[in-house]
Amino acid sequence: MIRKNVSEKDRLLITKFLKSVPVFRTFSSAHLDSVMDGFQIISVRKGEDIVFQAEEGTDLYIVLKGIVRVSLSGKDGNELVLAALKAGNFFGEMSLIDGKSRSANVVAMEETVLGSLKRDRFVKKMEEEPAIALDLLTALVNRLRKADDMIETLAFLDVHERLTKFLLDNSEESVDVGNKNYFKTKKRTHMELAAHIGSSRESISKALKVMAHTELVIERDGFFLVAPGNELRQ
Ligand code: CMP
């Protein structure tokens, strides 16, 4: 992880970028300018950890380029993926707000550039411009809605249904095989699928075997072709 202060050239680019980020769009130019004084740029390699669950820290991070994965780790080493955050998203706001330890792990999924901001500076701006707090709350509520959706899925759907839902939700296009319609999605390892739907590698392998047998899932050319699950598709 490489940290550096913001150069004059970066400053203009980042200020412009932040104007399009929901939580920063209400910052006046003067506030954005003073926020930039405390801003640091962090370059992270693919696979590098940025934040560890349960560690101390109150910095806020903004993804400027790249993508990060937010996840929880279980005692048995299993992982549950909570979200993938792209450029324009932020993380670290939970510890920033309540001062408690980090709620999740955050790791770079590709070469990523982050901006980081100290808690004091952000909180001061929020006190000066309350609209910032409303934007932050809106972003948090959005995360809570997605978390509720995940809880519902984990509580009410079995592994086959969760797997079908995940594959369909992440499909890019539909294709016809014979006279049947399928949805095409990037092939993932059984371990990755388990992390996304809160299951184990073994259960995924079993479920995929059954689904392949009944032609609900076909593996072809680096893709999964998935038969629509009707009511499961949102
Ligand atoms: P914090 O707890 O400070 O550090 C880990 C961060 O992961 C957390 O702040 C949030 O920014 C982010 N995070 C935690 N849970 C979720 C979730 N369910 N969806 C998206 N991001 C999350």
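Leu 72 has Leu 80, in strand β6, as its bridge partner, in a model that is predicted rather than determined by experiment. The two strands concerned, β5 (residues 67-73) and β6, run antiparallel to each other and are joined over seven bridges, where strands are the DSSP runs of E with at least two residues, helices are the runs of H or I with at least four residues, and both are numbered from the N terminus. Strands are taken as paired if DSSP finds at least two bridges between them. Strands of a sheet pair through backbone hydrogen bonds, in either a parallel or an antiparallel manner. Both β5 and β6 belong to an open sheet of four strands, in the order β3-β8-β5-β6, with antiparallel pairing. At its edges stand β3 (49-51) and β6 (79-86), each of which pairs on one side only. Neighbouring strands of this sheet are turned against each other by 30° on average, with direction ignored; the axes are lines fitted to C-alpha atoms, for helices over the stretch in contact, and angles run from 0 to 180 degrees between N-to-C directions.

The protein as a whole contains eight helices and 13 strands, and its C-alpha atoms fill a box of roughly 60 × 35 × 30 Å along the principal axes. Of its 234 residues, 40% count as buried, a term that denotes under 20% relative accessible area, with exposed meaning over 50% and partly exposed lying in between (1.4 Å probe, protein chains only). Among contacts (heavy atoms within 4.5 Å) between residues at least 6 apart in sequence, 71% join residues at least 24 apart.

Two residues other than glycine have a positive phi, as described here for Glu 215 and Asp 221. Most residues other than glycine have a negative phi. Glu 215, with phi near 60°, lies in the loop between α8 (201-213) and β12 (217-220), and counts as partly exposed because its relative accessibility is 45%. Asp 221, with phi of about 45°, is placed in the loop between β12 and β13 (223-226), and is classed as exposed because its relative accessible area is 70%.

Residues are numbered from 1 along each chain as its sequence is written, and side-chain values use heavy atoms, with hydrogens and water left out. In this predicted model, local features need pLDDT of at least 70 and side-chain atom pairs count only at pLDDT 80 or more, whereas totals for chains, interfaces and linings use all residues.
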